[in-house]
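Here's a friendly walk through one protein chain. Have a look at the picture first, then read on.

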Amino acid sequence: MKKAITSSMRARKNIRLTLSYVILIIISIFWLIPFIYLLAQSFSVDTMNYSVFFPDEWTFNNYVLLFTDPAKPFWKWWLNTFIVAGVTCIIQTLITLATSYAFSRLRFKSRRFIMKAFLIIGMFPSFLTMIINYFLLDLIGLNNSIFGLVVIYCASSAMSYYIAKGFFDTVPKSLDEAAMIDGANKNTIFFKIILPLSKPIVVYTVLMAFTGPWGDFMMASYIAQGNNDLMNVAVGLQNLAQVGEVSKYFSRFCAGGVVTSIPIMILFFWLQRYYVEGVTGGAVKG
């Protein structure tokens, strides 16, 4: 009797597992279809016939033109994006992690009020502040500079504290206390003890800080104002796909999409394990 029950339970478990894999495979196929289409069209000779999934003729010339056409300087857009995303990633990661650690370890007046205020303010969409941001950047002379984007992206870094704070809450406070007994100050504890033990949340924060500016369109287009030298890849590629240009540049637009997605894909595949650990670890306690 027990063997029959065990066999039945094992059979149901295998059926559920099989159904789960089937559903995941189907979802993966639907997710991959747009990327496969993008990749196929990036090698198309005919830029007019983009209604066909696989092109009749294939060429690598779209990728060559992507980096050699002075009228549409993709390399300049890519470099702008890399500089902005890289600088933002460093500054935003430091601010976010430092704020999270302070909220996790320190007890000071208005701590809970500030945390709640950050959460409430963070609920409002960023485009509500676009006009005032532009005037503020104009006052400091950064409204025509890609570093104006860095200022905007980093300005609200402290509001993203909640995931990292949840992770730091799981790190034993006894480590801080032991280090303080040995004469370490807060900076030494944070940089030399806590951060080395918090690799998952550090990686998660770095990824989020890098991918945000990398794919931003709204604020980047607002700063660029049609200037090729200030565009990032999102704005530049949209410029290729706008009305009147799409029939000429569609294949090159697809090639740009493939090139733009490669760094993010490499980062996520390389750091996937730490990314998942950071999300789950930060969601345990808040």
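## A positive patch

Let's start on the surface, where Arg-10, Arg-12, Lys-13 and Arg-16 come together in a patch of positive charge. A patch takes residues with over 30% relative accessible area and no salt bridge, joining like charges within 9 Å and nonpolar side chains (Val, Leu, Ile, Met, Phe, Trp, Tyr) within 5 Å.

Arg-12 sits in helix H1 (residues 2-41). Helices are DSSP runs of H or I with at least four residues, numbered from the N terminus. Arg-12 has 44% relative accessibility, so it counts as partly exposed. That label falls between buried (under 20% relative accessible area) and exposed (over 50%). The areas come from the Shrake-Rupley method with a 1.4 Å probe, and only the protein chains shown count as cover.

## Where the numbers come from

This is a predicted model, in which local features need pLDDT of at least 70 and side-chain atom pairs count only at pLDDT 80 or more, while totals for chains, interfaces and linings use all residues. Residues are numbered from 1 along each chain as its sequence is written, and side-chain values use heavy atoms, leaving out hydrogens and water.

## Salt bridges

Side chains of opposite charge can pair when their charged atoms come close. Here a salt bridge means a side-chain nitrogen of Lys or Arg within 4 Å of a carboxyl oxygen of Asp or Glu. How many are there by this rule? The count is three salt bridges.

One joins Asp-69 to Arg-252, at 2.7 Å from N to O. Those partners are 183 residues apart: Asp-69 is in the loop between helix H2 (61-68) and helix H3 (74-105), and Arg-252 is in helix H13 (residues 246-270). Both Asp-69 and Arg-252 are buried.

Another pairs Asp-176 with Arg-105, at 3.1 Å from N to O. Asp-176 belongs to helix H8 (residues 174-181) and Arg-105 to helix H3, so this pair ties together parts 71 residues apart in sequence. Then there's Asp-169 with Lys-165, whose closest N and O atoms are 2.7 Å apart. These two are four residues apart in helix H7 (residues 162-169), so about one helical turn separates them.

Ser-100 is in helix H3, and it counts as buried because its relative accessibility is 0%. Ser-100 and Ala-158 are 58 residues apart in sequence, but their C-alpha atoms are 7.8 Å apart in space.

Is Ser-110 buried or partly exposed? With a relative accessible area of 39%, Ser-110 is partly exposed. Ser-110 lies in the loop between H3 and helix H4 (111-122), and its phi is near 70°, a positive value in a residue other than glycine.

Terms used. Lys and Arg count as positive and Asp and Glu as negative; His and the chain ends are not counted. The place of a charge is taken as NZ of Lys, CZ of Arg, CG of Asp or CD of Glu. Buried means under 20% relative accessible area, exposed over 50%, partly exposed in between (1.4 Å probe, protein chains only).
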